[in-house]
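Here is a short report on one protein model. Please look over the sequence and structure first.

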Amino acid sequence: MQQPRQSMKEALKVPATRKVAVLRANALGDFLFTLPALEALRNAYPHAEIVLLAKAWHAVFLSHRPTPIDRVVIIPPYIGVSAEPGTPENQAELEQFFDQLAREHFDIALQVQGGGDYSNPFMKRLHARVSAGLKAETAEPLDRWVPFSYFQPEIMRYLEVVGLVGATPVTVEPSIVVTEADRAEANTIVSLRQQPLVALHPGASDVRRRWPAQKFAQVGDALAAYRARIIVTGVQAEREVVAEVMRGMHAQAQDVCGQLSLNGLAGLLAQCSLVVANDTGPLHLAYAVETPSVGIYWAYNALTAGEMMRARHRPLITWRMRCPVCEHDNSWGRCPHQVSFVADIQPEAVI
């Protein structure tokens, strides 16, 4: 009897894989987008150790939390990977770091961090049996690669990368397990017994993605009229915009800016009935802990970072391309003005 042909994905699997390195050393939302790919990788290599090469916050957030990751290795400052241009690098520390990683004898090294101009040379220094990842036109190729294109949903991008080593998707939705420690920390700041809770997150690292604070305030007042208890969240750097929302609201709200760790934020968002936020990490964290959300998106970000499903998420998208100040078309390059591109979205649409 003729034996069935081996599937293409099975043929791509790396035999006798004991240890896999995955590079993803950036922010919260960026990490959450990799979770479906990591789940696929775990399913394809159930007995391998999966090691995330990342930042210190990853180690803290993932400690004692069930995920596909077995271990986090913190990367020292390395320009273009774990540090911004201009950050001092300690070459002796980096040499020791790469020597240690080479001694780990990784079978697979996966690059899921950008087009590869900086990250692909980094991956080659691991000396894994097989390297795979993304490649922009200007980047060095790895052993196996897919072209980096901006216009692709982030989740699908990383599923393509793990597909290079034979991993098939098991989900397209990021998921984070909320622990009792997460909830306990949140409960020290916000009484989780008083429901329903609605969190507003008015911050974002990119000013173009920030919906105006006064509009968040209008939404907060409208939801408070439905007897929701309003919480305004943010990190310390977002103190000013959180304060502006608080000043703009007529209803009572609780300011928790800078008072919760990322773990505590997960615990808080998991207890909320709704999260209203700009396209930034806490919006994607809310989705990952299965809390309904309304997200404010600029057009291109909705394509790359928008949530995949609609059962518990509603995106509101602006298609503005021209700067409100200078009318420069930002479709293919940004102007210098630090101004919101999503202000056209009206509070009534969000409400």
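What share of the contacts in the protein with a separation of 6 or more comes from residues 24 or more positions apart? The share is 59%, where contact means heavy atoms within 4.5 Å.

## Basis

This is a predicted model, in which local features need pLDDT of at least 70, side-chain atom pairs count only at pLDDT 80 or more, and totals for chains, interfaces and linings use all residues. Residues are numbered from 1 along each chain as its sequence is written, and side-chain values use heavy atoms, with hydrogens and water left out.

## Overall build

The protein has 14 helices and twelve strands. These are DSSP runs numbered from the N terminus: helices are H or I with at least four residues, strands are E with at least two. The radius of gyration is 21 Å, close to the 20 Å from the globule rule for 351 residues, so the protein is as compact as a globular protein of that length. That radius is taken over C-alpha atoms, and the rule is 2.2 Å times the number of residues to the power 0.38.

Along its principal axes, the C-alpha trace spans about 70 × 55 × 50 Å. Of the 351 residues, 54% count as buried. Buried means under 20% relative accessible area, exposed over 50%, and partly exposed in between (1.4 Å probe, protein chains only).

## Aromatic pairs

Rings of Phe, Tyr and Trp (its six-membered ring) pair if their centres lie within 6.5 Å; planes under 30 degrees apart are stacked, over 60 edge-to-face, and the rest tilted. The count is 14 aromatic pairs. One of them joins Tyr-78 and Phe-122, edge-to-face, at 5.1 Å centre to centre and 90° between the planes. Tyr-78 lies in the loop between β3 (71-74) and α5 (91-103), and Phe-122 in helix α6 (residues 119-124), so the pair ties together parts 44 residues apart in sequence. Both Tyr-78 and Phe-122 are buried.

Elsewhere, one aromatic cluster is formed by Tyr-150, Phe-151, Trp-298, Tyr-300, Trp-332 and Phe-341. Arg-208 lies over the face of Phe-341, 5.7 Å from the ring centre. A charge sits over a ring if NZ of Lys or CZ of Arg is within 6 Å of the ring centre and within 35 degrees of the ring normal.

## Ile-79

Ile-79 is placed in the loop between β3 and α5. Its relative accessibility is 19%, so Ile-79 counts as buried. Beyond four places away in sequence, Ile-79 touches residues including Glu-84, Pro-85 and Tyr-118.
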